[in-house]
Amino acid sequence: MKTITSAANPSFRQWKQLADSARARKKNGETLLEGMHLVAAWQASYGMPTGVWVSEGGLKRPEIAGWLAANQRLLLRAEAEIFCSPDTLFCKLADTETPAGILARINLPKPPDSPLADADTLLLDGIQDPGNLGCLLRTAVAAGFSQTLLATGSTSAWSPKVLRAGQGAHFQLKIYEAADLAAFLRRFKGESLAATINDAEPLHTAHWPCAAPLAWIFGAEGQGISAAVLKEAQQRVCIAMPGGMESLNVSAAAAVCLFESLRRRDAIESQT
């Protein structure tokens, strides 16, 4: 374990770039995970990270010290760099106000070249808020969806803020960024449903073949789904809101729609 005490250290500068710059993350094909939960979730799906950075305070936490001790040989075998720094320096790398005491450096997973045209898919058109995007990915995994496509203009799926909000969902999804949603919908072999408030059928009365693969489409709250993508959707669906609110947060709306899909499938399976 190497001790780093200066922000001028070359290793610190490299990690700082990954922490702060979407361009650096894209160029290097790397990102940072913050917190023991995400580090353990990554390990369960992909093995050891390429680097670990802990704070002096983090080393005193049983879950971090225990993980390092239990995985020392695996980290060495993976040639992972391990750094330790004073809490004040670590805080400059961390993305949270109260840092968790451990960061991991990982290579971004690469999905297959082309998304499947017959798998349940979440399509996201212009989602900007990192918290919303992380929650959307988490909801997709919880509802059994296997892949997500993000249109150009969406926030980066692999930013530290989105990763933290996703709570490990990233590692169970195939994520395609800068995707052409309209082109994907044209070749999709299932039912595509756009969540929108314009010319839409209420969710509770809308009909679709429950056994078919589903592509649910959601847009940013301000602009909604783009006209080009909306044109390719087979159905437009809205959520009835008798309480008078004009709209729901996009992550809340997605949870309602995706789990309604799941409920309908479960109901059909229970009858057979």
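Is glutamate 79 buried or exposed, and what is its relative accessibility? At 68% relative accessibility, glutamate 79 counts as exposed; the cut-offs are under 20% relative accessible area for buried, over 50% for exposed, and partly exposed in between, with a 1.4 Å probe and protein chains only.

A note before the views. This is a predicted model, in which local features need pLDDT of at least 70 and side-chain atom pairs count only at pLDDT 80 or more, while totals for chains, interfaces and linings use all residues. Residues are numbered from 1 along each chain as its sequence is written, and side-chain values use heavy atoms, with hydrogens and water left out.

**View 1. The whole chain, with its eleven helices and twelve strands.** Helices (H or I, at least four residues) and strands (E, at least two) are DSSP runs, numbered from the N terminus. Taken along the principal axes, the C-alpha atoms fill a box of roughly 60 × 40 × 40 Å. The chain has 272 residues, and 49% of them count as buried. Its accessible surface comes to about 13,500 Å², with 51% belonging to carbon and sulfur atoms; the areas come from the Shrake-Rupley method with a 1.4 Å probe, and for residues only the protein chains shown count as cover. Take the contacts (heavy atoms within 4.5 Å) with a separation of 6 or more: residues 24 or more positions apart account for 81% of them.

**View 2. The open sheet of seven strands, with parallel pairing.** Strand order here is S8-S7-S6-S11-S9-S12-S10, where two strands pair if DSSP finds at least two bridges between them. Strands S8 (174–179) and S10 (201–202) stand at the edges with a single partner strand each, so one side of each is left without a neighbour in the sheet. Look for glutamate 201, whose bridge partner in S12 is valine 237.

**View 3. Helices H7 and H11 against the seven-stranded sheet.** Helix H11 (residues 250–271) packs on the sheet and touches S6 and strand S11 (214–219). The direction of H11 makes about 165° with that of S11. Helix H7 (residues 130–142) lies across strands S6 (121–125), S7 (147–151) and S8, and runs at about 165° to S6. For anyone re-deriving these angles, the axes are lines fitted to C-alpha atoms, for helices over the stretch in contact, and angles run from 0 to 180 degrees between N-to-C directions.

**View 4. Leucine 137, a buried residue of helix H7.** With 0% relative accessibility, leucine 137 counts as buried. What does leucine 137 touch, not counting residues up to four places away in sequence? Its contacts are Thr148, Val162, Ala169, His170, Leu173 and Ile175. One of these, threonine 148, is eleven residues from leucine 137 along the chain, and their C-alpha atoms are separated by 7.7 Å.

**View 5. The open sheet of five strands, with mixed pairing.** This one goes S1-S4-S3-S5-S2. S1 and strand S2 (30–34) stand at the edges, and each has a single partner strand, so one side of each is left without a neighbour in the sheet. S4 is mostly covered, with four of its five residues buried. Two bridges join strand S1 (residues 2–3) to S4, and the two run parallel; threonine 3 stands opposite cysteine 84 in S4. Strand S3 (residues 51–55) also pairs with S4 in the parallel sense, over five bridges, and glycine 51 has glutamate 81 as its bridge partner in S4. S3 and strand S5 (residues 102–107) pair in the antiparallel sense over four bridges, with isoleucine 102 in S5 as the bridge partner of valine 54.

**View 6. Glutamate 79 and alanine 178, each with a positive phi.** Glutamate 79 sits in the loop between helix H5 (72–77) and strand S4 (81–85). Its phi is near 55°, a positive value in a residue other than glycine. Phi of alanine 178 is near 55° too, and again the residue is not glycine. Alanine 178 belongs to strand S8, and at 58% relative accessibility it counts as exposed.

**View 7. Glutamine 17, a residue of helix H1 (residues 10–20).** Glutamine 17 counts as partly exposed, at 48% relative accessibility. Between its C-alpha atom and that of phenylalanine 184, 167 residues apart along the chain, the separation is 33 Å.
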